[in-house]
Amino acid sequence: MWRSPWCVGAFISSCIVSAAYWRRDLSLSGLFAAFLLGLFVYVAGGVVWSIVLVAFFLSASALSHVQTANKRSVMIAFAKGGQRDAAQVLANGSIALLAALFVLWSGRCGLGSNTAWLIFLASLAGATADTWATEIGTLRPGEPRLLTTLQSVPAGRSGGVTWLGSLAALGGASFITLTAWGALLLWPGPWRFSAELAIWGILAGLVGSFVDSLLGATLQAQYFCPRCAKITEARVHHCGTPTIYRSGWRWLNNDWVNFFSLCAAAVVVIFGSLLF
Ligand SMILES: [Zn+2]
């Protein structure tokens, strides 16, 4: 019984999320969401899927502890960083979770499980690309421009892109895809992979990050702090003042933008798998 995948998965997942909680990378709700994600991913996909998930998680966690003065000021101004709660964990992990649940439901080698693997991979490539772009892009003061109008915006504003952030997105998507490839070479499983699909995986991650910036620049809800005269995404500004709605769809916050950008990454990889 103790060697069942559920017990092993619960043990590994609880070790990793407790360490993250202890390091203040996760809030209590984030801890539970991340634990369930890790458990289902291990039971559905075994070692290979878990390595990909852990690669995303550890790289995001490590980069969030790399700080510069510029990054600290951006993080405070835009209420980013800090402990990830359940909504943030699910915004990045719900497509991976759905892919894992699909594999469990359909049987390990059932029809469509390879597509589920590619969707899992693409969503994490997108999540990693986006996280690396934010964590690395904000290290150095640059001049972010809106993806749509090329108008210059303050660093940290959703939809603002820099060269450094874009390179970091490419790095994150490549890192996850190559990790998946390496893991499959060491632990061959029922999951198919090839050089063509690696390229589609990286492309999916980049498209995810692009859609994230595009939605951030256009439809994401923006608020205005009357006290600081600054645009923000928060309903209550970090100065404590309730903010005023300014533009965008009111319900479309950063978590939903993240989720939809990973849907776009999944669509790209499905398209790619149909071609190869
Ligand atoms: Zn304020």
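**View 1. Strands β3 and β4 form a hairpin with 4 residues between them.** Ala 229, in the turn, has a positive phi of about 55 degrees. Strands here are DSSP runs of E with at least two residues, helices are runs of H or I with at least four, and both are numbered from the N terminus. This is a predicted model: local features need pLDDT of at least 70, side-chain atom pairs count only at pLDDT 80 or more, and totals for chains, interfaces and linings use all residues. Residues are numbered from 1 along each chain as its sequence is written. β3 and β4 run antiparallel and are joined by 3 bridges. Cys 225 has Lys 230 in β4 as its bridge partner.

**View 2. Three strands make an open sheet in the order β4-β3-β5.** The pairing is antiparallel. β4 (230–232) and β5 (244–247) stand at the edges, each with a single partner strand, so one side of each has no neighbour in the sheet. Neighbouring strands are turned by 40 degrees against each other on average, direction ignored. (Axes are lines fitted to C-alpha atoms, for helices over the stretch in contact, and angles run from 0 to 180 degrees between N-to-C directions.) Strand β3 (residues 222–225) is joined to β5 by 3 bridges. Two strands pair if DSSP finds at least two bridges between them. Gln 222 stands opposite Ser 247 in β5.

**View 3. Helix α8 covers residues 254–275.** A residue is buried if 20 or more other C-beta atoms lie within 10 Å of its own, exposed if 12 or fewer, and partly exposed in between, with C-beta atoms placed from the backbone.

**View 4. Leu 262 lies in helix α8.** Is Leu 262 buried or exposed? Leu 262 is buried, because 30 other C-beta atoms lie within 10 Å. Leu 262 touches Ile 95, Ser 123, Gly 126, Ala 127 and Gly 208, not counting residues up to four places away in sequence. (Contact means C-beta atoms, placed from the backbone, within 7 Å.) His 238 is 24 residues from Leu 262 in sequence and 28 Å from it in space, C-alpha to C-alpha.

**View 5. Helix α4 has a kink of about 60 degrees, centred on Gly 93.** (The bend at a residue is the angle between axes fitted to the seven residues ending there and the seven starting there.) Gly 93 is buried, and so listed with it in α4 are residues including Ile 95, Leu 97 and Val 103. The cover over the buried residues of α4 includes α2, α5 and α8. Gly 107 follows α4 and has a positive phi, near 90 degrees.

View 6. Most residues other than glycine have a negative phi. Arg 24 sits in the loop between α1 (5–22) and α2 (28–64). Arg 24 counts as exposed, because 12 C-beta neighbours lie inside 10 Å. Leu 150 is exposed, with 8 other C-beta atoms within 10 Å.

Technical notes
Expected span 1.5 Å × (residues − 1). Contact = placed C-beta atoms within 7 Å.
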